[in-house]
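Visitor: Could you walk me through this one? I'd like to start with the strands.

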Amino acid sequence: MKKIILCKFGEIALKGANRAHFEKLLKVELKKRLRNYGRFKIYSAQSTVYIEPLSEDCDMDSAYRAAKNTFGISAIQMALEVPKDMEQIIAAVRTDFMPYIAECKTFKVEAKRSDKKFPYKSPEICKLIGGAILDACHGKRKVDVHSPEVCVRVEIRDFAAYICAGQERAVGGMPQGSNGKGLLLLSGGIDSPVAGYQMAKRGVKIEALHFESFPYTSERAKEKVLDLAKKLACRTGDINVHIISLTHIQEVLRDTIEEDYFTLILRRFMMRLAMKVAKQYYCDAVITGESIGQVASQTMQALVVTDIISEIPVFRPLIGNDKEDIIKIAREIDTFETSVLPYEDCCTVFTPRHPKTRPELAKVEAEESKLDIESLTEEAFATLETVTVTGEE
(Lines give C-alpha, C1' and ligand atoms only; values in the text may rest on other atoms or scores of the structure.)
Protein backbone atom coordinates (compact mmCIF):
# COMPACT_ATOMS: atom_id res chain seq x y z
CA MET A 1 0.00 0.00 0.00
CA LYS A 2 1.39 3.43 -0.93
CA LYS A 3 0.41 7.01 -1.59
CA ILE A 4 0.07 7.92 -5.28
CA ILE A 5 -1.13 10.92 -7.33
CA LEU A 6 -3.83 10.39 -9.96
CA CYS A 7 -4.15 13.00 -12.73
CA LYS A 8 -7.20 12.94 -14.98
CA PHE A 9 -6.94 13.96 -18.63
CA GLY A 10 -8.97 16.83 -20.00
CA GLU A 11 -9.17 17.39 -23.75
CA ILE A 12 -6.44 14.83 -24.38
CA ALA A 13 -9.02 12.08 -23.94
CA LEU A 14 -10.79 13.36 -27.08
CA LYS A 15 -7.78 13.32 -29.38
CA GLY A 16 -8.37 9.99 -31.11
CA ALA A 17 -5.46 8.74 -33.21
CA ASN A 18 -3.20 11.60 -32.01
CA ARG A 19 -3.82 10.95 -28.35
CA ALA A 20 -0.52 9.12 -27.72
CA HIS A 21 1.40 12.18 -28.92
CA PHE A 22 -0.35 14.48 -26.44
CA GLU A 23 0.05 11.97 -23.61
CA LYS A 24 3.78 11.79 -24.29
CA LEU A 25 4.14 15.58 -24.17
CA LEU A 26 2.23 15.70 -20.88
CA LYS A 27 4.41 13.05 -19.25
CA VAL A 28 7.60 14.78 -20.42
CA GLU A 29 6.38 18.05 -18.88
CA LEU A 30 5.45 16.34 -15.62
CA LYS A 31 8.88 14.72 -15.35
CA LYS A 32 10.47 18.12 -15.80
CA ARG A 33 8.27 19.77 -13.17
CA LEU A 34 8.67 17.02 -10.58
CA ARG A 35 12.44 16.55 -10.88
CA ASN A 36 13.20 18.60 -7.74
CA TYR A 37 10.76 16.68 -5.54
CA GLY A 38 12.19 13.18 -5.76
CA ARG A 39 12.20 10.20 -8.10
CA PHE A 40 8.84 9.28 -9.60
CA LYS A 41 7.48 6.75 -12.03
CA ILE A 42 5.06 8.52 -14.37
CA TYR A 43 2.83 6.45 -16.63
CA SER A 44 -0.65 6.61 -18.14
CA ALA A 45 -3.57 4.21 -18.45
CA GLN A 46 -7.35 4.52 -18.72
CA SER A 47 -7.33 8.32 -19.26
CA THR A 48 -5.26 8.84 -16.11
CA VAL A 49 -1.63 9.74 -15.45
CA TYR A 50 -0.18 7.96 -12.42
CA ILE A 51 2.59 9.64 -10.41
CA GLU A 52 4.17 6.96 -8.26
CA PRO A 53 6.97 7.76 -5.77
CA LEU A 54 10.04 5.53 -6.07
CA SER A 55 11.46 6.35 -2.63
CA GLU A 56 10.15 7.35 0.78
CA ASP A 57 11.79 10.80 0.71
CA CYS A 58 9.68 12.06 -2.24
CA ASP A 59 7.93 15.37 -1.49
CA MET A 60 4.41 14.31 -2.41
CA ASP A 61 2.72 17.58 -1.41
CA SER A 62 5.00 19.66 -3.66
CA ALA A 63 4.65 17.13 -6.47
CA TYR A 64 0.87 17.36 -6.13
CA ARG A 65 0.93 21.18 -6.39
CA ALA A 66 3.24 21.07 -9.41
CA ALA A 67 1.07 18.52 -11.20
CA LYS A 68 -2.09 20.50 -10.42
CA ASN A 69 -0.62 23.47 -12.32
CA THR A 70 0.52 21.43 -15.33
CA PHE A 71 -1.46 22.16 -18.49
CA GLY A 72 -3.28 19.11 -19.83
CA ILE A 73 -4.52 17.86 -16.44
CA SER A 74 -8.17 18.59 -15.67
CA ALA A 75 -8.52 16.99 -12.22
CA ILE A 76 -6.15 15.61 -9.60
CA GLN A 77 -6.36 13.57 -6.42
CA MET A 78 -4.08 12.03 -3.84
CA ALA A 79 -4.89 8.36 -3.41
CA LEU A 80 -3.85 5.16 -1.69
CA GLU A 81 -2.90 2.31 -4.01
CA VAL A 82 -4.04 -1.02 -2.57
CA PRO A 83 -4.00 -4.59 -3.95
CA LYS A 84 -7.29 -5.65 -5.55
CA ASP A 85 -8.45 -7.60 -2.53
CA MET A 86 -11.55 -6.51 -0.62
CA GLU A 87 -10.17 -7.39 2.80
CA GLN A 88 -7.00 -5.36 2.16
CA ILE A 89 -9.02 -2.43 0.81
CA ILE A 90 -11.23 -2.40 3.94
CA ALA A 91 -8.16 -2.67 6.20
CA ALA A 92 -6.55 0.30 4.41
CA VAL A 93 -9.73 2.37 4.78
CA ARG A 94 -9.86 1.70 8.54
CA THR A 95 -6.22 2.71 9.11
CA ASP A 96 -4.13 4.63 6.55
CA PHE A 97 -7.08 6.30 4.82
CA MET A 98 -8.77 7.86 7.84
CA PRO A 99 -6.48 10.97 7.97
CA TYR A 100 -7.75 11.84 4.47
CA ILE A 101 -11.21 12.52 5.91
CA ALA A 102 -10.20 13.71 9.37
CA GLU A 103 -11.88 17.12 9.02
CA CYS A 104 -15.23 16.03 7.61
CA LYS A 105 -18.46 15.26 9.44
CA THR A 106 -20.43 13.81 6.53
CA PHE A 107 -19.38 11.63 3.61
CA LYS A 108 -20.60 9.34 0.90
CA VAL A 109 -18.87 6.58 -1.06
CA GLU A 110 -18.72 6.18 -4.83
CA ALA A 111 -17.20 3.15 -6.52
CA LYS A 112 -16.04 2.61 -10.08
CA ARG A 113 -15.23 -0.91 -11.21
CA SER A 114 -13.21 -0.81 -14.44
CA ASP A 115 -12.17 -4.42 -13.88
CA LYS A 116 -15.46 -6.25 -14.33
CA LYS A 117 -13.88 -9.49 -13.07
CA PHE A 118 -13.59 -8.04 -9.58
CA PRO A 119 -15.99 -10.15 -7.46
CA TYR A 120 -17.84 -7.20 -5.85
CA LYS A 121 -20.12 -4.87 -7.80
CA SER A 122 -20.08 -1.10 -7.26
CA PRO A 123 -23.08 -0.93 -4.82
CA GLU A 124 -21.52 -3.69 -2.71
CA ILE A 125 -18.19 -1.88 -2.64
CA CYS A 126 -19.87 1.33 -1.52
CA LYS A 127 -21.73 -0.47 1.27
CA LEU A 128 -18.61 -2.25 2.57
CA ILE A 129 -16.38 0.84 2.44
CA GLY A 130 -19.05 3.06 4.05
CA GLY A 131 -19.43 0.55 6.86
CA ALA A 132 -15.67 0.38 7.39
CA ILE A 133 -15.47 4.19 7.72
CA LEU A 134 -18.37 4.31 10.19
CA ASP A 135 -16.75 1.57 12.29
CA ALA A 136 -13.37 3.31 12.26
CA CYS A 137 -14.72 6.73 13.27
CA HIS A 138 -16.95 5.38 16.07
CA GLY A 139 -20.00 7.39 15.06
CA LYS A 140 -18.20 10.74 14.62
CA ARG A 141 -19.13 10.88 10.94
CA LYS A 142 -22.39 10.32 9.11
CA VAL A 143 -23.37 9.26 5.62
CA ASP A 144 -24.99 11.99 3.49
CA VAL A 145 -25.63 10.88 -0.09
CA HIS A 146 -27.04 14.26 -1.20
CA SER A 147 -24.58 16.94 -0.03
CA PRO A 148 -21.62 15.33 1.76
CA GLU A 149 -18.57 17.30 2.83
CA VAL A 150 -16.34 14.62 1.28
CA CYS A 151 -16.93 12.08 -1.45
CA VAL A 152 -14.82 8.96 -0.91
CA ARG A 153 -14.02 7.28 -4.21
CA VAL A 154 -12.89 3.71 -4.69
CA GLU A 155 -11.68 2.77 -8.17
CA ILE A 156 -11.02 -0.85 -9.10
CA ARG A 157 -8.65 -0.70 -12.04
CA ASP A 158 -6.93 -3.38 -14.09
CA PHE A 159 -3.84 -3.66 -11.91
CA ALA A 160 -4.76 -2.18 -8.48
CA ALA A 161 -7.43 -0.49 -6.38
CA TYR A 162 -7.31 3.22 -5.50
CA ILE A 163 -8.97 4.98 -2.56
CA CYS A 164 -9.21 8.76 -2.45
CA ALA A 165 -11.20 11.51 -0.77
CA GLY A 166 -12.58 13.65 -3.55
CA GLN A 167 -10.65 15.33 -6.32
CA GLU A 168 -9.67 18.90 -7.15
CA ARG A 169 -9.94 20.74 -10.41
CA ALA A 170 -6.57 21.22 -12.04
CA VAL A 171 -5.56 23.86 -14.56
CA GLY A 172 -6.82 22.00 -17.66
CA GLY A 173 -5.85 23.04 -21.17
CA MET A 174 -3.40 21.31 -23.49
CA PRO A 175 0.17 20.06 -22.82
CA GLN A 176 3.05 22.47 -23.27
CA GLY A 177 4.41 22.59 -26.82
CA SER A 178 1.46 20.76 -28.37
CA ASN A 179 0.38 23.83 -30.35
CA GLY A 180 3.58 25.51 -31.46
CA LYS A 181 5.56 28.45 -30.07
CA GLY A 182 4.45 32.07 -29.65
CA LEU A 183 6.32 35.29 -28.95
CA LEU A 184 4.61 37.17 -26.10
CA LEU A 185 5.07 40.96 -26.05
CA LEU A 186 5.57 41.22 -22.29
CA SER A 187 5.21 44.67 -20.73
CA GLY A 188 5.07 45.41 -17.03
CA GLY A 189 1.29 45.76 -17.06
CA ILE A 190 -1.61 43.56 -16.04
CA ASP A 191 -2.70 42.31 -19.45
CA SER A 192 0.28 40.73 -21.18
CA PRO A 193 1.08 38.08 -18.50
CA VAL A 194 -2.58 37.02 -18.59
CA ALA A 195 -2.46 36.80 -22.40
CA GLY A 196 0.66 34.63 -22.17
CA TYR A 197 -0.99 32.38 -19.62
CA GLN A 198 -4.13 31.98 -21.74
CA MET A 199 -2.11 30.94 -24.80
CA ALA A 200 0.16 28.64 -22.78
CA LYS A 201 -2.97 26.94 -21.47
CA ARG A 202 -3.81 26.07 -25.08
CA GLY A 203 -0.48 24.28 -25.48
CA VAL A 204 1.58 27.17 -26.89
CA LYS A 205 5.21 27.31 -25.78
CA ILE A 206 6.00 30.89 -24.70
CA GLU A 207 8.98 33.04 -25.61
CA ALA A 208 8.79 36.65 -24.41
CA LEU A 209 9.94 40.00 -25.82
CA HIS A 210 10.23 43.08 -23.61
CA PHE A 211 11.03 46.60 -24.78
CA GLU A 212 12.94 48.87 -22.40
CA SER A 213 13.71 52.60 -22.54
CA PHE A 214 16.60 53.10 -20.18
CA PRO A 215 17.33 55.69 -18.75
CA TYR A 216 13.73 56.93 -19.14
CA THR A 217 12.64 53.72 -17.46
CA SER A 218 14.54 52.34 -14.48
CA GLU A 219 16.45 49.11 -14.03
CA ARG A 220 13.79 48.21 -11.49
CA ALA A 221 11.20 48.33 -14.29
CA LYS A 222 13.11 45.59 -16.11
CA GLU A 223 13.40 43.56 -12.90
CA LYS A 224 9.64 43.85 -12.49
CA VAL A 225 9.12 42.28 -15.93
CA LEU A 226 11.51 39.44 -15.08
CA ASP A 227 9.57 38.91 -11.85
CA LEU A 228 6.37 38.66 -13.89
CA ALA A 229 8.05 36.20 -16.23
CA LYS A 230 9.09 34.09 -13.24
CA LYS A 231 5.53 33.96 -11.93
CA LEU A 232 4.33 33.03 -15.40
CA ALA A 233 7.04 30.38 -15.72
CA CYS A 234 5.72 28.66 -12.58
CA ARG A 235 2.76 27.68 -14.75
CA THR A 236 4.11 27.68 -18.30
CA GLY A 237 7.58 26.25 -17.80
CA ASP A 238 10.87 28.07 -18.45
CA ILE A 239 10.63 31.28 -20.52
CA ASN A 240 13.32 32.99 -22.59
CA VAL A 241 12.84 36.74 -22.11
CA HIS A 242 14.36 38.76 -24.95
CA ILE A 243 14.98 42.42 -24.13
CA ILE A 244 15.44 45.18 -26.73
CA SER A 245 16.14 48.87 -26.11
CA LEU A 246 13.77 51.33 -27.81
CA THR A 247 15.42 54.43 -26.35
CA HIS A 248 17.00 55.76 -29.56
CA ILE A 249 13.94 55.04 -31.69
CA GLN A 250 11.74 56.94 -29.22
CA GLU A 251 14.10 59.91 -29.16
CA VAL A 252 14.15 60.05 -32.97
CA LEU A 253 10.34 59.82 -33.15
CA ARG A 254 10.01 62.59 -30.57
CA ASP A 255 12.23 64.88 -32.62
CA THR A 256 11.00 63.98 -36.12
CA ILE A 257 7.31 63.11 -36.46
CA GLU A 258 4.03 64.72 -35.51
CA GLU A 259 3.27 64.03 -31.85
CA ASP A 260 -0.15 62.51 -32.55
CA TYR A 261 1.45 59.66 -34.51
CA PHE A 262 4.13 58.81 -31.94
CA THR A 263 2.41 55.80 -30.31
CA LEU A 264 1.22 54.30 -33.59
CA ILE A 265 4.60 54.47 -35.27
CA LEU A 266 6.37 53.23 -32.16
CA ARG A 267 4.09 50.18 -32.11
CA ARG A 268 4.86 49.53 -35.77
CA PHE A 269 8.55 49.51 -34.85
CA MET A 270 7.76 47.06 -32.05
CA MET A 271 6.03 44.80 -34.56
CA ARG A 272 9.00 44.94 -36.95
CA LEU A 273 11.34 43.98 -34.12
CA ALA A 274 8.96 41.25 -32.98
CA MET A 275 9.07 39.80 -36.51
CA LYS A 276 12.86 39.61 -36.37
CA VAL A 277 12.86 37.96 -32.93
CA ALA A 278 10.11 35.54 -33.95
CA LYS A 279 12.06 34.51 -37.03
CA GLN A 280 15.30 34.02 -35.10
CA TYR A 281 13.64 31.89 -32.38
CA TYR A 282 11.20 29.98 -34.61
CA CYS A 283 7.98 31.41 -33.20
CA ASP A 284 4.80 30.76 -35.16
CA ALA A 285 2.83 33.79 -33.92
CA VAL A 286 3.02 36.99 -31.88
CA ILE A 287 0.90 37.25 -28.71
CA THR A 288 -0.22 40.55 -27.18
CA GLY A 289 -2.39 41.56 -24.23
CA GLU A 290 -4.45 44.07 -26.17
CA SER A 291 -8.18 44.44 -25.53
CA ILE A 292 -10.29 46.28 -28.07
CA GLY A 293 -10.85 49.93 -27.18
CA GLN A 294 -9.01 49.77 -23.85
CA VAL A 295 -6.56 52.56 -24.81
CA ALA A 296 -6.07 54.81 -27.83
CA SER A 297 -3.63 52.43 -29.53
CA GLN A 298 -6.10 49.53 -29.22
CA THR A 299 -8.94 50.83 -31.36
CA MET A 300 -9.81 48.63 -34.31
CA GLN A 301 -8.31 51.12 -36.77
CA ALA A 302 -5.08 51.39 -34.78
CA LEU A 303 -4.72 47.61 -34.55
CA VAL A 304 -5.15 47.31 -38.32
CA VAL A 305 -2.36 49.84 -38.88
CA THR A 306 -0.09 47.83 -36.55
CA ASP A 307 -1.00 44.37 -37.84
CA ILE A 308 -0.22 45.20 -41.45
CA ILE A 309 3.47 45.07 -40.50
CA SER A 310 3.22 41.50 -39.24
CA GLU A 311 4.31 38.57 -41.39
CA ILE A 312 2.85 35.97 -39.01
CA PRO A 313 -0.46 35.77 -37.08
CA VAL A 314 -0.99 38.14 -34.14
CA PHE A 315 -3.00 36.47 -31.38
CA ARG A 316 -4.88 38.63 -28.87
CA PRO A 317 -6.56 36.22 -26.43
CA LEU A 318 -7.94 39.11 -24.33
CA ILE A 319 -9.40 41.09 -27.23
CA GLY A 320 -13.01 40.88 -25.98
CA ASN A 321 -12.37 40.90 -22.23
CA ASP A 322 -13.33 43.62 -19.79
CA LYS A 323 -10.58 44.86 -17.51
CA GLU A 324 -12.32 43.25 -14.55
CA ASP A 325 -12.16 39.86 -16.31
CA ILE A 326 -8.44 40.30 -16.92
CA ILE A 327 -7.73 41.38 -13.34
CA LYS A 328 -9.57 38.32 -12.03
CA ILE A 329 -7.30 35.98 -13.98
CA ALA A 330 -4.22 38.02 -13.02
CA ARG A 331 -5.08 37.48 -9.36
CA GLU A 332 -5.62 33.77 -9.94
CA ILE A 333 -2.18 33.34 -11.52
CA ASP A 334 -0.50 35.62 -8.94
CA THR A 335 0.75 38.31 -11.35
CA PHE A 336 -1.56 41.17 -10.36
CA GLU A 337 0.33 42.50 -7.34
CA THR A 338 3.59 42.59 -9.33
CA SER A 339 1.92 44.18 -12.37
CA VAL A 340 0.61 47.14 -10.37
CA LEU A 341 3.99 48.06 -8.87
CA PRO A 342 4.69 51.71 -9.83
CA TYR A 343 7.48 51.24 -12.36
CA GLU A 344 6.78 52.69 -15.80
CA ASP A 345 7.33 50.78 -19.04
CA CYS A 346 8.45 52.09 -22.41
CA CYS A 347 4.90 52.81 -23.59
CA THR A 348 4.58 55.61 -21.03
CA VAL A 349 7.65 57.48 -22.32
CA PHE A 350 6.89 60.54 -24.52
CA THR A 351 3.18 59.69 -24.56
CA PRO A 352 1.31 62.10 -26.88
CA ARG A 353 -1.38 64.32 -25.41
CA HIS A 354 -3.85 63.48 -28.21
CA PRO A 355 -2.94 60.16 -29.88
CA LYS A 356 -4.65 59.18 -33.11
CA THR A 357 -7.51 56.79 -32.44
CA ARG A 358 -8.77 56.49 -36.04
CA PRO A 359 -5.55 56.59 -38.05
CA GLU A 360 -5.35 56.39 -41.84
CA LEU A 361 -2.61 54.10 -43.08
CA ALA A 362 -1.51 56.51 -45.82
CA LYS A 363 -0.91 59.31 -43.30
CA VAL A 364 0.97 56.97 -40.95
CA GLU A 365 3.22 55.85 -43.79
CA ALA A 366 3.76 59.49 -44.80
CA GLU A 367 5.06 60.26 -41.32
CA GLU A 368 7.26 57.16 -41.39
CA SER A 369 8.82 58.32 -44.67
CA LYS A 370 10.69 60.92 -42.61
CA LEU A 371 12.62 58.09 -40.92
CA ASP A 372 15.35 55.62 -41.84
CA ILE A 373 13.24 52.66 -40.73
CA GLU A 374 15.65 49.89 -41.67
CA SER A 375 18.62 51.51 -39.93
CA LEU A 376 16.67 52.28 -36.75
CA THR A 377 15.25 48.73 -36.65
CA GLU A 378 18.67 47.09 -37.09
CA GLU A 379 20.25 49.35 -34.48
CA ALA A 380 17.57 48.45 -31.93
CA PHE A 381 17.76 44.74 -32.76
CA ALA A 382 21.51 44.81 -32.07
CA THR A 383 20.74 45.62 -28.40
CA LEU A 384 18.91 42.31 -27.91
CA GLU A 385 19.80 40.37 -24.77
CA THR A 386 18.17 37.18 -23.52
CA VAL A 387 17.46 36.06 -19.96
CA THR A 388 16.13 32.55 -19.29
CA VAL A 389 13.61 32.60 -16.45
CA THR A 390 12.59 29.50 -14.56
CA GLY A 391 9.61 29.09 -12.29
CA GLU A 392 11.50 26.82 -9.91
CA GLU A 393 12.45 28.11 -6.47
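Visitor: What is the order of the strands in the open sheet?

Guide: The six strands run S14-S13-S10-S11-S12-S15, with mixed pairing; strands are DSSP E runs of at least two residues and helices H or I runs of at least four, numbered from the N terminus, and two strands pair if DSSP finds at least two bridges between them. This is a predicted model, in which local features need pLDDT of at least 70 and side-chain atom pairs count only at pLDDT 80 or more, while totals for chains, interfaces and linings use all residues. Residues are numbered from 1 along each chain as its sequence is written, and side-chain values use heavy atoms, leaving out hydrogens and water.

Visitor: Which strands are at the edges?

Guide: Strand S14 (314-315) and strand S15 (385-389), each of which pairs on one side only. S14 pairs with strand S13 (residues 285-287) in the parallel sense over two bridges, and there Val-286 stands opposite Val-314.

Visitor: New topic: where is Tyr-282?

Guide: Tyr-282 sits in the loop between helix H8 (262-280) and S13, and has a positive phi of about 55 degrees although it is not a glycine. Most residues other than glycine have a negative phi.

Visitor: And is Tyr-282 buried or exposed?

Guide: Tyr-282 counts as exposed, at 68% relative accessibility; buried means under 20% relative accessible area, exposed over 50% and partly exposed in between, with a 1.4 Å probe and protein chains only.

Visitor: Which residues does the cis peptide bond join?

Guide: The bond joins Phe-214 and Pro-215, with omega about 10 degrees, and Pro-215 lies in the loop between S11 and H6.
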